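Visitor: Please take me through one part of this model in close detail. I would like the contacts, the metal sites and the surface around them.

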Amino acid sequence: MDEVHLKRQLALKYPGLYFERSKNNAVVLRGVVYMNAKWIRLKLYLPHFPELCDFRLCVQEHLEYKRYSTENTQIQANWQLEDLLLHIIQLLPEEPMPDVYSSQQKSNIYTEILELHKPQDYRLQLNDRCTRIRFCGFAEHEAHYLELKLPSLQLIAHSLPDCIQLEDILENSSHSLTSILHLYLKLLEELRPFYESFSSIDELCDVLQPCPITTKHNTRVFPLKDRVYLKLTIADPFASYASMTVQIIGPTEEVAHLRHVLSEGLANWDIELDMHKNLLHIFDLCYFPMPAEMQLKKNEDEEQRCNICFDYRLDNGEVPLVSCDNSRCVLKCHAACLKEWFDTLVEGKTFLEVSFGLCPFCKAKLSTSFAVLLKN
Ligand SMILES: [Zn+2]
Ligand SMILES: [Zn+2]
């Protein structure tokens, strides 16, 4: 039987098993098989395939791998790979059922883990000591992950927006690993509109903050025109449109004018169109400004640097977006740097409103709209 045919047959019969050739041409089969009403996770190493001689078989038993080879396993001389797989259960020693496993919650979790192994739907990873479990690579939600402590099921990390109190949601409704996973998958589905509303913005606007954009962020800052930026926030990811706010950041007069345009436009929001298209309509644009590719590097190096700290991007992802009302002034700085600058000045200047009073360079007025940049 040729290898392609064999692979296809194995895939049909044992969909959880992956067939691969190692560098030294040995055949390695790894994954899970379902036999006699139980899942077995195994790795089979066949150095002389299609011959079975010198095979090595590792089988997971309660999260440990036991090794089998020709020395401690009896196989028939005329067997082929299919026969070996078919008889695996008989080859393994009768598994004693230790008392601790009968009732304790701990063992239930580990049995659950074996049952939750679904490589088609997501990847499941355990650390060596089996004290952490991580689900990732969810079908259609590739960037998402969920990490829990074992056996306590305490939440360690997740990919949902930070503004969602996942810990509380899980605590109130989930008591097993399976139910936590199902709830997480349900939340991912419910958050689809949230992620979709940002997707064309991420693709078609020059998103300056956050950087890098992750599944946890619920804001986007991108340029509307020279010196003017939009900050989009979705406060409640489960109600994207209802909780969306658009803030305009830039020189005072521009902002005042554009706020007026925006409030009129919001009244005519078309729910059939996505957020990006609606915003284009509101500001009467064909597209939002994108950086000219060749210029980008140069700009970042020179023009766009902060006049206070002389860097472009700060560790928190912030870029210099603050300019002053005087269009001839060179001021371009990070909101955080400007705040710090004012904080070091004489007493009474430390309030935000006062801080954003006058340009430190030309003494022209500074728009208070920059204050929103300080709120994460
Ligand atoms: Zn700076
Ligand atoms: Zn100025």
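Guide: Start with a backbone contact. The backbone nitrogen of Gly 250 lies 3.0 Å from a polar atom of the Ser 369 side chain. This is a predicted model. The Ser 369 side chain also makes a polar contact with the side chain of Ser 367, at 2.7 Å. Ser 369 sits in the segment after helix 13. Its relative accessible area is 4%, so Ser 369 is buried; the cut-off for buried is under 20%.

The segment after helix 13 also holds Cys 362, a donor to a zinc ion, so turn to that site next. The zinc ion (ligand 2) is coordinated by the SG atoms of Cys 324, Cys 329, Cys 359 and Cys 362. The distances run from 2.2 to 2.4 Å. The 4 donor atoms subtend angles of 99 to 118° around the zinc ion (ligand 2), which makes the arrangement tetrahedral. Along the sequence, these donor residues are spaced C-x4-C-x29-C-x2-C. Cys 324 and Cys 362 link distant parts of the chain, 38 residues apart. Cys 324 is in the loop between helix 11 (293-301) and helix 12, whereas Cys 362 is in the segment after helix 13 (352-355). Cys 324 has 1% relative accessibility and counts as buried. Cys 362 is partly exposed, at 29%.

Now the other zinc site. The zinc ion (ligand 1) is coordinated by Cys 306 (SG), Cys 309 (SG), His 334 (ND1) and Cys 337 (SG). Here the distances are 2.0 to 2.4 Å. The angles subtended by the 4 donor atoms are 102 to 123°, so the zinc ion (ligand 1) has a tetrahedral arrangement. The donor spacing along the chain is C-x2-C-x24-H-x2-C. Cys 309 and His 334 both lie in the loop between helix 11 and helix 12, and the pair ties together parts that are 25 residues apart in sequence. His 334 is buried, with a relative accessible area of 0%. Cys 309 is partly exposed, at 27%.

Last, the surface. Val 330, Trp 341 and Phe 361 make a nonpolar surface patch of about 290 Å². Trp 341 lies in helix 12, which covers residues 335-343. With a relative accessible area of 34%, Trp 341 is partly exposed.

Notes: Residues are numbered from 1 along each chain as its sequence is written. Chains are lettered from A and ligands numbered from 1 in the order in which they are written. This is a predicted model: local features need pLDDT of at least 70, side-chain atom pairs count only at pLDDT 80 or more; totals for chains, interfaces and linings use all residues. Side-chain values use heavy atoms; hydrogens and water are left out. Patches are made of residues with over 30% relative accessible area and no salt bridge: like charges are joined within 9 Å, nonpolar side chains (Val, Leu, Ile, Met, Phe, Trp, Tyr) within 5 Å. Accessible areas come from the Shrake-Rupley method with a 1.4 Å probe; for residues, only the protein chains shown count as cover. A salt bridge is a side-chain nitrogen of Lys or Arg within 4 Å of a carboxyl oxygen of Asp or Glu. Helices (H or I, at least four residues) and strands (E, at least two) are DSSP runs, numbered from the N terminus. Buried means under 20% relative accessible area, exposed over 50%, partly exposed in between (1.4 Å probe, protein chains only). Donors are N, O and S atoms within 2.8 Å of the metal (3.2 Å for Na, K and Ca); water is not among the atoms, so sites may look incomplete. Four donors count as tetrahedral if all angles lie between 85 and 135 degrees; four count as square planar and six as octahedral if opposite donors are over 155 degrees apart and all others between 65 and 115; anything else is irregular. A polar contact is a pair of N or O atoms within 3.5 Å; within protein, one must be able to donate a hydrogen and the other to accept it, and residues adjacent in sequence count only if both atoms are side-chain atoms.
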